[in-house]
Amino acid sequence: MSTLSPADEAQLKAQLQDAVVSCTERCLYQSAKWAAELLNSLPSSDDNGSDTEIDSPMSDAPPRTPIRQLHKDATELRLEAREMPKFLLAKSLFDCREYDRCAAVFLPSTLPKGSINPIPSPAAKVKHPWKGKAKMGTPSKGTTSIRSVLGLSQKALFLALYAKYIAGEKRMNEESEMILGPQDGGVTLNKELSGVSAVLEEWFTNLPSSGRQPQGWLEYLYGIVLAKGKNEKLAVDFFVRSVNQYPYNWGTWQELSSLLGTVEELQQVQMRLPQNIISFIFHISASQELYQSTEQVHNSLTQILSFFPTSAFLQTQRALLHYHTKDFEEAEQIFSNLLITDPHRIDSLDNYSNILYVMGLRPKLAFLAQLATATDKFRPETCCVVGNYYSLKSEHEKAVMYFRRALTLDRNFLSAWTLMGHEFVEMKNTHAAIESYRRAVDVNRKDYRAWYGLGQTYEVLEMHSYALFYHQRAAALRPYDPKMWMAVGQCFGKVGKVMNGIRAYKRALVAGSYYDAGVGSSFGSGETPGLGGGVLDPDVLYQIALLYERIQETTECSAYMELVLAQEEGPEYEEFSGEASGGVGVTPTTSKARLWLARYEYMRGMYQRAMELANELCQDGVEVEDAKALVRDIRARIERDRGE
Amino acid sequence: MASSRYLTPQKISLLVLVKLYCNSVLPSSATIPILSFILSHSIPPLPSHARARHTSGYQDYSISIRAFEDVLQGQPSSMPGRTLLDVFLKQMWELNSFDALHNLFNHLGCLLARTREDSEQNGGAGDEEDLSDHIVLSKSSPLGTIVRRARLEFTRLQFDDSIKLWSAFIMYRAPTAQWTKRIAGLASSGIDINAVDMELGPGDPLYEVAYGHLEDEDSTEENLSIDDLNRLLEFQLDQLQRLGCRVPEDMKKRLQNMLGPFGAVLRQSHLVKFFDAWKAGDYTSAFDSLHRYYDYAMQTREKVHYQYALLHMAILQADFGCFGEAIAAINETIATARENQDMTCLNFSLSWLNHMSKAYPRQMKGAGYMGMLGSERDGLIFLKAKARETKMHNLLSATLLNEAKLSLSTGESIPRALEYMYQASHLNIRENVNNNGGSMLLHSTLYSRLGLTHLSSVYCELLLHCYRQTSPIDEKIRAICRCAFAAVQTGCYDEGLDLLENIDSSDHRSLKFHQYIYHCTGIINLKRAIRRTDWTACEHLLSSLKPDSSTDPELSFLLCESRIDYLISRGLYSEAFNAIEDQASSLKEENADILQRTAMLLAKGVLFCKVGKPERGFSVALRAASVAFKARLMPSLWMAVGVLCCILNALGEYEGSGKLLHAVIPQALENADKALIASLYSSLGDSFIGLAGLDDPTSSNGARSLAAKVSRAELFIDRARECYKRVEDTNGECEQLMKKALLAKLRGDETLAEEWAQNHNRVWEEGRKRIVDGK
């Protein structure tokens, strides 16, 4: 499927067009935007061909009609036609942000209070008595109102319930406290959820008997409601049902991917998904979000990009994949080009700013911040970019201010939570840092940086077993990132589980050698820029050695110390560019290892070797005092031995 | 575009210059010009009253980049072949991205001297040797404070505000773009290195997003920060308050342009509007602006400014003649100031109240003012003590002058008044109190009362020459009017009118000043018309010059005096008598200035002379003379003597009259009041005639003595005629001519008598003609 046939392409085009219209009708603006972007990123070559016949009805009509028929069965069409005036009113009200009024156009004023969680979860148990009462108290009223709802077309019902849901969200935001204020627990609930859920539950139980064809939209909404109620399994089911019925609603896919925590889950869901181009794109973006930047994903992305050569969304995915593998140059290049082609696009610029931050390109980051501000200064992305810039300038208070602003604009804006956590760490405000990270994790459990940050913060607080848990989560998300494993190992060492620690460090070694390319840090400065192929990280080796020393396995320990020393020169000599291809050279770590070894040899009585090592130390000019003392001791021993 | 609080492109440029200076790239010859340039544009001038400072006036805060060019172009740099301008522009254009701007501000910290704590915090700092060839600014030095303030303000900026600053800076330095071509390596970087790196230029969509708005913006927009504007407005307020003028028309426009684009209208602008409207006589909008100002001031400040609001209100009300409201307001001011322990305000209000009750006693009484501080003298003593206590030199100086004024008006000893005045002058000089105008005017008043007209006008001229710029316009105009009146006294009406006409037309924009000048001009014209016996003009002028409650009390007295003069001259004696009686009783009621009360006595005396019953005015004239002598009101004394002599002549006491006149005339001649001299001479002539009448013409001795006396009388009549001619007094002149004609007839010289009679007729005709011609 390297290229699409003209017919397929026309079909795709028509379907995307229809998707834009349908999403707009249902006020799913973001999905509409996504579809429209994709629609316009199709190669425009056929535009030139059809220039002459653009007016002829022949070329336009055929692809349109089948799609209409695909989704619109007669019943729905009839209902929709009947409701047209009311629907238009509701739509306009929605557009004016009068959500409650919009909902009231179709829905009766009192909705039954149902459960958000048909399968009760622990959180919902508390509410049980009240819920039961409500059900018993007004059963007749509830059912009648449901009846009236059943007479609506799916489109109208969706819009009404969606408006209800959005109204609830809006109220929830209004009631929430200031970001990280004393009352801001992040637990404010959307009060409309139960009502919406009850109606939908009823609708879906009646569905088989009513003989109506589901369209996918209501499933999407129900999925959202279920996901909000932490009923994720059922939510996934409904999302899958939704995409099977209508794949062009990108919102559904997004919700679905946010529910997938691991690659395994993704693979499980993959079985149940339809096979079409959108699900293909979903696979790529979901993999990206799970940090699966494998060759295979890259290949699929390249394929898809050949259909949609100018899609900013897909290019962003590519850049993010590069970002996950720490290929910053490439990612930066892609983002830079994107910026040139679409200067007003702000989506995912926060990621771009992260890249620039890690690369330390301050002028460019400033320019980006300037651009974003010029376009819209009240977008969470913009605030993140500015925050990142201030963070890079070590103005942490200001950075926090901007991240906070980003969060005020959108409480679920993941990267701002994490970045704010980083800033709080810098400002030594560990409690706020922990809270920020925690909120980040609550928003998206796949954010390894937040997990890692939590771990780090707890380490600062010397709560190592706690830290261990978080580092393990991070390591689970990024199994091939040596840093995660190092952190895990360190924590194991601290809590006394030496063997586990050694294992974790060994994992780190494996992970470190996994990447052929340079391994940088996702946390910016203070790390070695990357090791050549085959070179093991001396720090890790040294840590392993220290751990072995702790359990008195001196031989193992000395072996690892030798290994550390060996890293100075690298496994094999390559002629070009001496140091870079070879080892890491003399570093504090290797010197420490050398000193340890020298002392070790001295203890063992191998004075000659000890002398050599100590002299090397003196030459390197590190730990000279200790080394000289050692040399004196060794001389004295040798003299004494000789004397005897 | 809303502006920043403090930072502007100009300030950034100044900072670049400071940096240049600190990095020791300036050759020593350039140090002084550069430093003085920086300081002149960053530090507000001290409020000094020295004359030299005021020639430069206010600073131009919106200096353009050209100003930098002008200063720097002439200075060679340490690099041969380059001027300092090149070095400066190189630095300016090295700010090639927003980030570079940030760096500029970050590195400014290095220019400051480190205190011990700082270096400890930084762990001893490694760059000690770096500083050897740098100039390090102390934190509290002028440059140090500039740098610190700039850093602080930059840190305060929100991100998008700093972006705005950056855009403004790009615009600001844009005119120097052609210079960058001279500097190798900089030509390529353009306005933003990022744009160049990404190969963007004008026209690219991305470039347009970042910098597209630069071209749309009006390039003439002035880059002013709120801080600059505040200073500007403060300067305006200072001028308005100190000088009492209005905002000039062109400045008003500029201010509007500057303030227009601001989202937040500055509080002070309301105050400026208030003063402007007040001075323009626009009561309602002044009132409105004042309220608006204090409403906005309330949000930000405490209640402590309430008393000032009330004080302003009181002054405003009084200025528009609403004395009842003014008193209510000032009473509340005093109460509030007492409550808040605001001594300055309290003392000022008391002083003002004191001044008001002095200046408008009738109106104040009518409005129910009973007097706060007991008698006036007690009030002044109290104020003086308070001012000494609280070190309010300004108030002390003003109070001393008031005390001097009081002792003058009650006719107490002149040396005491002089002592007060010298104390005030001493205080003005020692404490740099800008109260010179008032003191000068008082001096001039004092000398004019003593009859030293010349000294009096010298003081007025001194004020105009030396303190014109710093003293309130009110005082300036008073001085000019006084000079004009002095000129009129000598008969130079045109000169006096010219003086008044030449007053800067901008002063007319204040209603009060306009009215004052108008009244002065009217009085001069009225006097002239009376002398010319131009009764229609007199009637017209009198009706248009009717004083009301808000007219300056001094002027209303002058008007009243002129009216009486008119009535007497026209022969409406009973009306004149009534007017004199009314005025005298009201003056008595007000406990008015002794000079004015004497003047009324004299008017009465003159009236009696005119109606031909001089003996009835004898006691009045004598009283006036004795009072004037006691209070050293020399001109009044002379006039009183003149009236007395008339009476004596009428009673046939020619001898005594002649002696008196001989004693008085030389002093009066010094005074140069021609009308007075004319009447004195005419009286002297009369007494000589009278004396001649006593001689026996039959005896040869008597005949000779008679001839000698008649010829002396003729001489004095001629002199009187001259003086009358000078002051254009047609009646007086004709009277003298008649006398001459009579004398000639008596001597039996009919032809001469005929000639004099014809002369008389001619002068009369000329006078008529002059009236008809209106010249």
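Glu169(A) lies in helix H10 (residues 154-175) of chain A and Lys228(A) in helix H12 (residues 217-228) of chain A, so the pair ties together parts that are 59 residues apart in sequence; helices are DSSP runs (H or I, at least four residues), numbered from the N terminus.

I noted that this is a predicted model, in which local features need pLDDT of at least 70 and side-chain atom pairs count only at pLDDT 80 or more, while totals for chains, interfaces and linings use all residues. Residues are numbered from 1 along each chain as its sequence is written, chains are lettered from A and ligands numbered from 1 in the order in which they are written, and side-chain values use heavy atoms, with hydrogens and water left out.

I then checked burial, where buried means under 20% relative accessible area, exposed over 50%, and partly exposed in between (1.4 Å probe, protein chains only). Glu169(A) is buried at 15%, whereas Lys228(A) is partly exposed at 34%.

I went on to Glu37(A), which forms a salt bridge with Arg345(A), the closest N and O atoms being 3.9 Å apart. Glu37(A) sits in helix H2 (residues 29-40) of chain A and Arg345(A) in the loop between helix H19 (328-341) and helix H20 (349-359) of chain A, so this pair ties together parts 308 residues apart in sequence.

Terms used. Salt bridge = Lys/Arg side-chain N within 4 Å of Asp/Glu carboxyl O. Helix = DSSP H or I, 4+ residues; strand = E, 2+ residues; numbered from the N terminus.
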